[in-house]
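Grab a pencil and work through these exercises on chain contacts.

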Amino acid sequence: MQYKWLEISVGLFVSVAIAALFFLALQVSNFSSFQDKGSYTVIAHFENIGGLKEKALVSMAGVPIGRVSSIRFDTENYDALVNIRIDAQYNNLPTDTSASILTAGLLGDKYIGLTPGGLDENLQEGDTIELTQSALVLERLISQFLFNSSDKDD
Amino acid sequence: MIIFFQHIGQACLKSIEKLGRASLFFIAIISSIGYVLLRPNLLIKQLFSVGVLTFWLIAISGLFVGMVLGLQGVYTLSTFGAESSLGIMVAASLVRELGPVVGALLFAGRAGSALTAEIGLMKATEQLSGMEMMAIDPLKYIIAPRFFAGFISLPLLVAIFSAMGIIGGYLAGVELLHVDSGAYWSQMQASIDFDADIVNGMIKSIIFAWLVSWIALFEGYDAVPTSAGISRATTRTVVNSSFAILIFDFLLTALMFGVA
Amino acid sequence: MISIRNLTFSRGNRKIFDNISMQIMPHKITAIMGPSGTGKTTLLKLIGGQLKPDSGTILVNDQEIHQLSRRALYELRKKMGMLFQSGALLSDMSVYDNIAFPIREHTKLTKSMIRTVVLMKLNAVGLRGARDLMPSELSGGMARRIAMARALALDPEMILYDEPFTGQDPISLAVLVKLIKTLNQTLHLTSIVVSHDVEETASIADYIYLMSEGKIVGQGSPEELTQSDSEWVQQFMQGQADGPVPFHYPADDFSEELFAL
Ligand SMILES: Nc1ncnc2c1ncn2[C@@H]1O[C@H](COP(=O)(O)OP(=O)(O)O)[C@@H](O)[C@H]1O
Ligand SMILES: [Mg+2]
């Protein structure tokens with residue numbers, strides 16, 4: 001009787017702990033978005049990625065549809081080569097989709113926003129997104145603004 | 001002056017010798033794993049006294065630590081207008097640091113000290129010797145099940161601590177101070193990485209579990225078998241475990257989240 | 001059955017045993033007596049293989065105990081029961097489980113057979129009714145009898161008693177004395193009783209070794225010892241405060257020390 005109670009309480013304890021682990025995995029972290037039910041990877045070249053990091057979100061219309069899987073420096077074109085992993089369920093993105101690096105909020109994380117194009121063909125595994133827009137770099141923005149305004153003065 | 005250096009030398013030799021004995025002790029425990037697996041009732045009994053009896057302490061502490069994080073987080077973040085990041089702040093600090101570290105410190109205070117006192121008292125009352133004379137190895141029968149119970153319990157308790165803390169942060173931040181509930185969870189999910197954060201936190205808790213169980217049992221087994229000796233051993237368990245936890249936390253954090 | 005040859009053992013700088021030899025006769029009660037701190041408990045631990053001598057040998061059943069492998073030592077210990085000074089009952093088990101414990105660990109007896117054995121052992125020490133108590137609920141005398149039952153659990157060939165009479169009321173004392181005697185006779189045990197209680201020990205022992213400061217200072221049957229003309233033996237056997245063993249721990253002259261300031 002006493003030993004039975006012992007077993008029950010240990011069983012409860014372990015179950016609660018496993019529930020807590022599930023809570024941490026599913027409710028707290030990105031574990032659920034990790035178990036991709038398949039995905040495909042497309043490539044995008046950016047002139048400047050700003051502060052984009054691996055595993056950054058990739059979204060379309062504000063909805064996350066994938067993640068940045070790797071970022072490399074392309075020694076041929078002297079630009080950044082970004083691999084984007086997109087969930088397999090979003091397999092009907094037009095080939096002329098454009099990608100831009102955006103910022104969540106004023107100081108938030110960088111993410112990639114995709115904007116759909118109009119062609120009928122869809123992006124496949126290994127395709128390249130041709131239309132890209134680099135991250136806004138504050139210094140460059142300011143110098144551009146100064147340059148333009150001095151142009152007008154002339 | 002020479003005597004001073006001599007004392008330092010002696011102290012060093014003593015601690016090296018103690019570390020050696022502790023290592024042999026640990027090896028003996030590990031090689032008893034088969035014995036423990038064949039006697040699950042021993043393990044269950046210890047899981048009860050080491051794990052279940054620490055449950056409420058951990059759950060309630062976790063809840064309140066999370067609530068404090070929620071309050072402080074809102075006050076600090078609102079100066080930047082970034083209350084929506086509260087979930088990230090609460091979850092990241094709990095899962096990466098506070099869960100494993102505070103959980104392990106509480107565990108050392110509650111379960112570790114109890115283990116040391118129990119083993120020390122068993123030694124003082126000749127229960128360990130008695131067992132040896134009955135041809136039963138106390139390392140296998142007494143020490144090993146307690147070690148594995150501690151080793152299993154702490155990671156579970158840390159998971160409970162973190163989960164309760166995140167719920168506590170929710171209660172304080174969302175229910176009390178009206179941070180947006182959707183932002184709390186979604187920002188958290190977007191930023192907390194399963195591999196980098198949750199798994200690393202769990203690895204920390206496993207290493208702390210090994211440290212605390214090992215220290216507590218060895219101090220008990222090595223205690224001078226008198227009341228003064230046991231009380232000193234119990235103190236040493238709490239002090240040494242705390243140092244070990246904090247030092248290893250630094251090393252592990254540097255290793256996992258990078259120094260560069 | 002047990003023979004100790006030229007045993008020397010030290011704790012730190014202090015020689016607890018200085019080249020002693022003893023012969024323990026089979027199926028008899030051998031008493032080892034001496035003042036507290038002579039190393040009686042230490043001697044039992046040496047015989048049980050828990051401590052290693054500096055030099056000399058201890059033969060148990062013709063096996064040199066400190067040369068045995070761990071496995072062989074554990075096998076031998078199953079034939080040895082030891083009654084610790086404190087009883088050393090496991091405090092987290094009931095009386096019944098304490099006695100069943102070595103049987104469960106070392107034999108494959110069924111539950112009901114274990115029950116029979118345990119109840120027999122408990123009956124032998126007269127405490128069958130106490131089987132559901134916890135060790136913390138036992139009086140000192142009861143705890144010692146339970147420990148005795150446990151020491152007998154594996155039907156050992158020899159049994160070592162560490163100060164079985166210390167701190168017992170007269171009735172428990174009489175019970176314990178009688179138990180040691182009858183167990184020895186009915187089970188044909190080889191018994192070693194370590195004690196400093198002269199009267200009780202002398203009443204049951206077949207042979208007595210008297211120890212002091214690492215040496216054997218007297219040996220013989222109880223009758224021989226009471227008739228010994230060694231002053232030390234007489235002082236110990238009759239319990240006199242002063243004699244060859246001085247009442248005072250070595251110190252400076254008292255009157256000098258009093259007026260030293
Ligand atoms: N673990 C130990 N470490 C150091 N000295 C010890 C230890 N155990 C016993 N001693 C010393 O050894 C001597 C003999 O002890 P013991 O065998 O317990 O004596 P007895 O049982 O005859 O009273 C005592 O002087 C005691 O102080
Ligand atoms: Mg003694």
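Contact here means heavy atoms within 4.5 Å. This is a predicted model, where local features need pLDDT of at least 70 and side-chain atom pairs pLDDT 80 or more, while totals for chains, interfaces and linings use all residues. Residues count from 1 along each chain as written, chains are lettered from A and ligands numbered from 1 in written order, and side-chain values use heavy atoms, without hydrogens or water.

**Exercise 1.** Work out which chains touch.

*Solution.* Start with the pairs: two are in contact, and chains A and B share the most contacts. Then check chains A and C: no contact joins them, and their closest C-alpha atoms are 12 Å apart.

**Exercise 2.** Describe the interface of chain B and chain C.

*Solution.* Step one, count residues: 17 from chain B meet 23 from chain C. Step two, take the buried area (accessible area lost by both parts on being put together, 1.4 Å probe): about 1,900 Å², with 55% on carbon and sulfur atoms. B:Glu126, B:Met133 and B:Met134 supply 37% of what chain B buries there, more than any other three residues. Step three, look for salt bridges (Lys or Arg side-chain nitrogen within 4 Å of an Asp or Glu carboxyl oxygen): the rule finds two. One of them joins the side chains of B:Arg39 and C:Glu105, at 3.4 Å, N to O.

**Exercise 3.** Which residues is B:Asn200 in contact with, leaving aside neighbours within four places in sequence?

*Solution.* Go through the contacts and you get B:Asp195, B:Met256 and B:Phe257.

Technical notes
Buried area is the accessible area (1.4 Å probe) that two parts lose on being put together, summed over both.
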